[in-house]
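Hello,

Here is the structure I said I would pass on. Please look it over before reading my notes on the helices.

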Amino acid sequence: MATSPARRRPRLPPPDISAAEILDSLPPAMLDEILSRLPIRDAARTSVLSRAWRRRWESVPYPVLNWPRGTPSAPIDAVLAHRTCPVSEFRHQYVSELEFHLSDLWLLRLASLGVQSLHLKFKWLKADGIVRIPHFHMLHSHIFSCLELAVLDLESCDFPGLPSGFAGFPNLTTISFCNVRFPRGLSGLEALISSSSSLRRLRLENLRMPNKYEQWVIHAPNLQSLLISSVFDYGWQVDDLPSLEVAEIKLRNYSNDQEVVNLISRLDQARILQLDMPCSLDNLLEELPRSFVNLKSLSLHIPYCCLSSFLSIFCLVRKAPNLEVLDVELGFHFEEDDEVDINVLNGQRADDPFSSLTSVHMKNVTWDSYEMAFIQFILSEARQLEVLSIHESRGHLTSDEEAFVAAEVARYRRASPAANVVISRMP
């Protein structure tokens, strides 16, 4: 028997409704949801779709206006000119020389839109393609009209002097300045920091100013995170930081060793501390007036490695009775005239100096005698140690010599039965 063909449903005639009418029928909340998920430039183009979409994007609260490198200035100007909703965050990854004067107008408009987070990276001015004496764009004083700022992130620009009577940014929680110059000196930065009573995070990298040394103080009682990185000595000094949790200090040159010690002592409330030590400070660190009772993790980069560098480490560790993690990255190694053994370090023993230490990481180890003595001392004193990780410098020893030092380390007495020694090569 032949099978009858399947019945097909009759096609309904298309509804007499246009695409524009469908778009107009969407609930306003759905329109805003769709627009908020589009890049700002695409959202602006939706004005041509229908009457309901026309200029709808102007009032949608976009979380971030992010302009990547190479973005023409015209769409930025148009978006800021037509915005009616506050701007929570504005980012420009590379403000070119041709846009310097436009950035002044952007600041004025952003101030009226209540910008809360501002990230601007400016181009360095160059001569013949080669950077000679860097010349930066002077940020416009409109910046001081952005009173809703919570985050201020600037790179490669000159910062203007504070206007008379400026009371600060009341909501500012984060300052991040990289390669920012202060032509009038650091007193302006000092005033900016001290007047920002809500400041929690401060990041200062490679600041520039006419005079390399100037006495000034960071006063930020609510600061929780501090990073200072500088090649030059700009007279860094810090007031008490009772709320500090994380600090990272990288100083390549310093004119006064005692000021380095004073700076380190003001970081005594930190739980996590990273130090790029400019020189050997063992004699001065011995006189540190404060203990680091909250310190759980200590990272040290020692650019010039010798016995006194390890004595500096012990001076710090003795001041941190609750230290759990110690990271040490070694730099250039000086040759010692005499062999160093553990007896030299035994003279540094305090009452249970490593009582809480569970993890030690050493990088760029060359197996000099003072390094071996340090390893032996750690293993013999750290009763809670779980891992001692040693990354040896590549190509420093032959394979036979590496096997010999590994066997030597394996024979060292261990105060912690759980201590595991891991030896590997630096990548």
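Predicted model: local features only at pLDDT ≥ 70, side-chain atom pairs only at ≥ 80, totals over all residues.

Residues are numbered from 1 along each chain as its sequence is written, and side-chain values use heavy atoms, with hydrogens and water left out.

Helices (H or I, at least four residues) and strands (E, at least two) are DSSP runs, numbered from the N terminus. Helix H4 spans residues 73-82, and Pro75, Ile76, Val79 and Leu80 are buried in it (under 20% relative accessible area, 1.4 Å probe, protein chains only; exposed is over 50%). These buried residues line one face of H4, because they fall within an arc of 125° seen down the axis (taken from the directions from the helix axis to the C-beta atoms). Exposed Ala74 and Ala81 sit on the face of H4 turned away from the buried side.

In helix H6 (residues 187-194), Gly188, Leu189, Leu192 and Ile193 are buried. Their arc around the axis is only 130°, so they are on the same side of H6. The buried residues of H6 pack against strands S9 (174-178) and S10 (201-205), with contact meaning heavy atoms within 4.5 Å.

Between helix H11 (residues 369-381) and helix H12 (residues 399-411), Met372, Ile375 and Leu379 of H11 meet Val405, Glu408 and Val409 of H12.

Regards
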